[in-house]
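The exercises below concern the reading of a structural model. Each task is followed by a solution in steps.

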Amino acid sequence: MKEYSFKKLRNLMLVGSSGAGKTTLAEQIFFLTKSSNRLGKIDEGNTILDFDPEETAKKMSLGLAIGYVNHKDHKINLLDAPGYPDFVGDTVVALPAVENAVVVANAAGGFEVGLELALEQLEQHKKGKVVLVNRMDNEHADYEKTLEAIHENAGINPISVHIPIGKEGAFEGVVDLIRQKAFTAAGEVDVPANMTDAMEEARLHLMEAVAETDEELLNEFLENMELSQENLIRGLRKAIANGEICPAFVCSAGTGVGVLAFLQAVIDYLPSPEDCKVMELVDGDKNKEFICSPDGELLGYIFKLYADPSMGDFAYVRMFSGTLKTGTEFYTPEREAKDKAGNMYFMLGKNRHDCSEIHAGEIGALVKLKNSKVMSSIVAPNARHAVKPVILPSATSWQAIKAVNQSDEDKIGSSLQRVIAEDPTIRYDLNVETHENVLSGMGDQQLQLVLKKLKNRYKVEAELKAPRIPYKETITAGAESQYRHKKQSGGRGQYGEVYFRIKPTERGEGFQFINAIVGGVIPSNFIPAIEKGLVETMEKGIIAGYQVVDVAVEVYYGSYHDVDSSEMAFKIASSMALKEGFKKCKPILLEPIHNLVIIVPNEYMGDVMGDISTRRGRIMGMEQHGKKQHLSAQMPLAEMFAYYPALKSFTQGRGRFTQEFSHYERVPEDITQKVVAAWQDNDLQ
Ligand SMILES: Nc1nc2c(ncn2[C@@H]2O[C@H](COP(=O)(O)OP(=O)(O)O)[C@@H](O)[C@H]2O)c(=O)[nH]1
Ligand SMILES: [Mg+2]
C-alpha cells in the first residue's frame with residue numbers, strides 16, 4: 001500500500017443543500033480519475049456512495065459516505081455529507097476530520113435552505129472553505145448570481161479562481177485565472193478570445209483579494225498593480241489554509257465539465273495535512289498544542305460509525321499523526337478505555353479495500369472496536385489528551401417509541417442502541433416520570449429513518465407517538481391531615497396513626513421530611529417507614545399521576561399499638577394521610593419550560609413572534625445577526641413537541657432553533673383540569 005506524504009494528501013468534505021449535486025460530483029470524480037469504470041447515477045440508484053437501501057429508495061443521501069481517488073500522484077479523500085437538515089449531525093461530527101470543506105451550491109437553485117445551513121455549520125470551521133458552484137449546465141444557471149447570493153446572505157465573500165465558459169446547455173469549460181488557461185473537453189487549451197477581458201478583470205480581483213491578506217503582498221500589489229505568479233500562488237494557498245479567502249470554482253457534476261479542473265485546483269491550492277499539522281488538543285481542562293507527524297505520536301479521530309448488519313460496526317477514522325497498524329493498541333480518552341485496531345480498510349462507498357496500516361493524514365475504517373465510538377479520539381496508550389470535542393446541536397424533535405409487538409419490547413432497546421450509535425444527535429432515554437422511552441433528534445425524517453433501520457436490519461417493528469409531558473404535582477397552600485390505619489379483625493392486626501403538617505417549599509427544593517415526634521408517641525423505628533410511605537406516594541403522584549415535588553411534610557403526632565403496629569401499617573397510614581392532606585393544599589401542576597433561541601430571517605419575524613404567543617411562549621429578547629434575528633424565548637415543552645415543523649412551514653424552511661430545559665412553572669387552570677380528568681378516566685391509576 002502506497003504511503004502518501006502529508007503534501008500529497010487532500011481531505012475534502014462536500015457539504016451543501018440536498019440536491020446540489022454532491023454525490024453526483026463524487027461519482028464523476030471517481031469516474032474521471034478511473035477509480036470506477038462506470039458513471040453511477042442518482043436517478044438509477046447505482047452510485048458508489050448512496051449505497052444504503054434507504055438511500056437508493058429515496059434517491060438522496062441519508063448519511064455521510066466516504067470515498068477516495070488517486071490522482072496525479074496525490075490521494076484525495078472525499079467525505080460526502082448528507083444535505084438534508086435532519087442529518088446535520090454527520091457534518092458537525094466529521095468536520096474535524098478534514099482540512100477542507102467544499103460548499104457545493106446549485107447554480108440554478110438560489111440561496112437554498114440547505115446551503116444556508118451548511119454555511120452556518122462552517123462558521124466555526126477555521127480551516128479551508130471552498131465554494132463550488134455546480135449544475136452550471138442547468139437552465140437558469142448563473143455563477144455570478146450564486147456567488148452574490150452567498151455573499152449577501154452569509155457574509156462570506158467567495159473569490160473566483162475559475163470562471164465558466166458559457167452556461168446552461170452551452171457550458172463547455174472553465175477558465176483558470178491563475179494559469180490563464182481554459183479547461184474544456186479537449187483538456188488544457190488557450191483561453192478563448194472572447195473570454196480574455198473577463199479573465200483579466202477577474203484575475204485582478206483575485207490578486208487584490210490575495211494581496212489584502214498579507215502586508216508584503218499588498219505593497220507589491222500597490223506598487224505594480226499585480227502580483228508575481230509565484231507570490232499569487234503562495235499567497236492564495238496560505239490565505240485559503242488560514243480561512244482568510246474562500247475561493248470559488250464552477251462545474252457540472254452531471255456532464256463532468258470543470259470537474260478535473262477543480263481537482264487540479266484542489267491539488268494546487270487547497271491545504272494538505274502539512275498545512276494543518278499544528279493542532280490544538282484538550283488535556284483535562286487545558287488546551288495544548290500538538291504537532292502532527294507521520295512518524296510521531298498516535299493521534300486519530302472517529303468521525304462516523306456505520307453499522308453494517310453482517311460485518312458489524314465500521315468506525316471511520318481520520319489519522320492525524322503516527323500510524324495505526326493492525327494490532328496497534330490505543331487509548332480513547334472520551335470513553336476512558338483501551339482499544340485495539342483489528343482489520344482495517346480504505347473505503348469507497350460500501351466497497352472496502354484491505355489495508356494493514358492507516359498513515360497520518362489518511363482516512364480509513366476499522367472494524368470490531370470494543371470501546372471506541374463515534375467522536376472518540378485515538379491516542380497513545382499512556383496519553384490522555386483528546387481532539388477538541390464538537391458541539392452537537394440540541395434536539396428539535398421528540399417522539400415516544402415503543403415496539404409494535406409486545407414480544408419485541410426487550411429486543412428494541414439493544415437494537416436501538418446500535419442504530420442510533422450511528423448518529424450522535426439522536427438520543428434515546430427512558431423518561432422516568434412518564435415511563436416512556438423517548439427518542440429525540442433533529443427532525444421527523446431522521447426519527448423515521450431509525451424505524452426503518454430497526455425493521456430492515458434487526459427485524460423489529462416500532463412505532464412513534466407524541467410523548468407525554470413530564471408534569472409535576474405540587475401544592476400552593478399548607479394544611480394538616482391525620483390518618484389512622486387500623487385492621488384488628490382476626491389474626492395479627494395492623495395499627496399505625498400519623499398526624500401531618502403539609503406545606504409548600506421553594507420551587508426546586510423537592511421533598512423535605514421533618515420528624516417532630518416527641519415523647520415516643522411513635523417509636524423511632526417506625527419513622528423511616530413513614531418517610532418511605534411519603535416518598536413512594538409522591539413518586540406515583542396524587543392528583544394526575546405525576547411526581548410530587550416541592551412539598552414539606554412534618555410528622556408531629558401519632559399513636560401506635562404494642563402488638564399490631566408494623567412498618568407496613570405506618571407506611572400505609574403515611575401514604576393515606578398525605579393523599580388526603582394533599583387535596584386540601586390547593587394542588588397544582590407544574591410543567592417544564594424551555595429556553596429557546598430561534599434563528600429567523602428578518603422577514604419572518606412577525607409570524608414567528610405571533611406564533612410564539614399562541615404557544616404560551618414569552619419573548620425574552622432579540623439580537624440582530626446579519627440578516628437574521630436571534631430571538632430568545634421561553635416556551636412550555638408541551639408546545640414545543642410540534643414546534644419545529646410549524647416553524648419550518650412559515651419560514652420557508654429557514655427557521656431554526658436550539659433549546660434547553662430552563663425550569664418548571666405552573667400550568668394554566670384549564671389545561672390542569674384536562675390533564676387531571678384524563679388521568680382519572682384512564683387506567684393509569
Ligand atoms: N443537470 C445536472 N443535474 C445534476 C448535476 N449534479 C447533480 N444533478 C442531479 O441533481 C440531483 C441531485 O443530485 P445529488 O448528487 O443526489 O445531490 P446531493 O443531494 O447534493 O448529493 C440528481 O438527480 C442529479 O442527477 C449537474 O451538474 N447537472
Ligand atoms: Mg447526496
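Predicted model: local features only at pLDDT ≥ 70, side-chain atom pairs only at ≥ 80, totals over all residues.

**Exercise 1. Domains**

Task: State how the chain is divided into domains, and describe the side of domain 1 that touches domain 3.

Solution. The assignment divides the chain into domain 1 (6-276), domain 2 (278-387), domain 3 (397-468), domain 4 (473-585) and domain 5 (591-671). The centres of domain 1 and domain 3, taken over C-alpha atoms, are separated by 38 Å. Between these two domains, 12 residues of domain 1 are in contact with 11 residues of domain 3. On the domain 1 side, helix H2 (53-58) and helix H3 (88-94) each supply at least two residues. H3 gives the most to this side, with four residues. By class, the domain 1 side comprises seven nonpolar, two polar and three charged residues.

**Exercise 2. The shell around ligand 1**

Task: Determine which residues come nearest to ligand 1, and how the residues of the shell divide by class.

Solution. There are 19 residues around ligand 1, of which Gly21, Lys22, Thr23, Thr24 and Gly254 come nearest. Helix H1 (residues 22-32) contributes the largest share of the shell, three residues. The shell divides into 11 polar, four nonpolar and four charged residues.

**Exercise 3. H6 and H7**

Task: Classify the orientation of helix H6 (residues 196-211) and helix H7 (residues 215-224), and describe their contact.

Solution. The two axes come within 8 Å and cross at roughly 140°. Angles over 145 degrees count as roughly antiparallel, and 65 to 115 as roughly perpendicular. H6 and H7 are therefore oblique to each other. The contact is made by Met207, Glu208, Val210 and Ala211 of H6, together with Leu217, Leu218 and Phe221 of H7. Six of these residues are nonpolar, none is polar and one is charged.

**Exercise 4. H12 and H13**

Solution. Angles under 35 degrees count as roughly parallel. H12 contributes Ala529, Ile530, Lys532, Gly533, Leu534, Glu536 and Thr537 to the contact, and H13 contributes Glu567, Phe570, Lys571, Ile572, Ser574, Ser575, Leu578 and Lys579. By class, the contact comprises six nonpolar, four polar and five charged residues.

Methods
Residues numbered from 1 in each chain as written. Chains lettered and ligands numbered in written order. Contact = placed C-beta atoms within 7 Å. Nonpolar A, V, L, I, M, F, W, Y, C, P; charged D, E, K, R; others polar. Near = placed C-beta within 6 Å. Domains from an automatic or database assignment. Axes fitted to C-alpha atoms, helices over the stretch in contact; angles between N-to-C directions.
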